[in-house]
Amino acid sequence: MHIDLSSAKPKDRYKFLMSSILPRPIALVTTQDDQGRVNAAPFSFFNIMASTPAIIVLGIDSKSPGVPKDTVRNMQLTGEFVVNMVSEAIGEKMSLCATPLPEGEDELKYSGLTAAPSIQVKPPRIAESPINMECRIVNVMDIGNDRNIVIGNVVHYHIDDQFYDAENGYVLVEKLGLIARMHGKSFYLRSKDIFEIERPVGSSSIKV
Ligand SMILES: Cc1cc2nc3c(=O)[nH]c(=O)nc-3n(C[C@H](O)[C@H](O)[C@H](O)COP(=O)(O)O)c2cc1C
């Protein structure tokens, strides 16, 4: 079977893509508005695009036609945000942060997560998250149909000491226990079944 995706119904297009491009990492993004009110929301249209410069991207749609989600509105107001990575331990709280609360209401308080100060940006980090990345906006790209691609530069990186082997310089990935988004509205994956495929001799294992 094959499908002309450009003429498929939007719902079908969404289903095919969401059930094919997975697992997707989850960024629990914290922002602040111009009055300093904190906002938190999860996004799985999220990935790394480069390490030098340290560039990440997010795909964010709108609340309704012409009304951006609070995250995008705050990013455009302040130019700053924090990506908080999501471990299984905070999975349910991450999901609560997707509740469409009235503008200005703090999803961190609502979900029982704790704000911790950032170093280079104003929006707070999430204390319970094992890794936080403080970011500055490079570009918010309007791709039409009420959707934006946000490009961010990671300027400061935090990792909970228990997940970093400082002696050997390794992030303890298996211990982190990050979760990823799968298909449908509420399916996730644990990062537990890790295995190795050798790279061809001479291929770079550092750059990509
Ligand atoms: C795991 C998960 C992943 C999500 N990924 C996205 C996404 O990539 N893009 C998006 O626009 N919304 C995504 N959402 C929905 C937003 O989190 C939700 O609309 C949220 O209320 C937006 O909040 P805000 O208005 O405070 O920015 C996701 C929700 C969940 C639970």
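Colleague: Which residue in β7 does Thr30 stand opposite?

Modeller: Thr30 stands opposite Val82. This is a predicted model, in which local features need pLDDT of at least 70, side-chain atom pairs count only at pLDDT 80 or more, and totals for chains, interfaces and linings use all residues. Residues are numbered from 1 along each chain as its sequence is written.

Colleague: What makes β2 and β7 a pair?

Modeller: Two strands pair if DSSP finds at least two bridges between them. β2 and β7 have 4, in the antiparallel sense, so they qualify under that rule. Strands here are DSSP runs of E with at least two residues, helices are runs of H or I with at least four, and both are numbered from the N terminus.

Colleague: Which strand pairs with β7 over 5 bridges?

Modeller: β10, again antiparallel; there Val83 has Met133 as its bridge partner. β10 also pairs with β11 (residues 147–159) in the antiparallel sense over 12 bridges, and one of these joins Arg136 to Asn153. The hairpin of β10 and β11 has 2 residues between the strands, and Asn145 takes a positive phi near 55° in it.

Colleague: Why is β7 called mostly covered?

Modeller: A residue is buried if 20 or more other C-beta atoms, placed from the backbone, lie within 10 Å of its own, exposed if 12 or fewer, and partly exposed in between. In β7, 6 of its 6 residues are buried. Both faces are covered, with Glu80, Val82 and Asn84 on one side and Phe81, Val83 and Met85 on the other.

Colleague: Why is Gly184 called exposed?

Modeller: Gly184 has 10 other C-beta atoms within 10 Å, so it falls under the limit of 12 or fewer. Gly184 lies in the loop between β14 (179–181) and β15 (188–190). Its C-alpha is 9.9 Å from that of Tyr14, although the two are 170 residues apart in sequence.

Colleague: What makes a set of residues a nonpolar core?

Modeller: The members must be buried Ala, Val, Leu, Ile, Met, Phe, Trp, Tyr or Cys, joined through C-beta atoms within 7 Å. The largest such core holds 30 residues, of which Ala27, Leu28, Val29 and Val86 touch the most other members. Elements supplying at least two residues each include β2 (27–32), α2 (70–78) and β10 (131–144). β7 gives the most, with 4 residues.

Colleague: Which residues is Leu28 in contact with, leaving aside its neighbours within four places in sequence?

Modeller: Among them are Ala40, Pro42, Val86, Met94 and Ile126. Contact means C-beta atoms, placed from the backbone, within 7 Å.

Colleague: How many residues surround the ligand, and which are the closest?

Modeller: There are 17, with Ala41, Phe45, Lys69, Asp70 and Thr71 the closest. The criterion is a C-beta atom, placed from the backbone, within 6 Å of the molecule. β3, β5 and α2 each give two or more residues to this shell, and β3 gives the most, with 4.

Colleague: How do the residues of the shell divide by type?

Modeller: Into 8 nonpolar, 5 polar and 4 charged. Ala, Val, Leu, Ile, Met, Phe, Trp, Tyr, Cys and Pro count as nonpolar, Asp, Glu, Lys and Arg as charged, and the others, Gly among them, as polar.

How values were computed: Contact = placed C-beta atoms within 7 Å.
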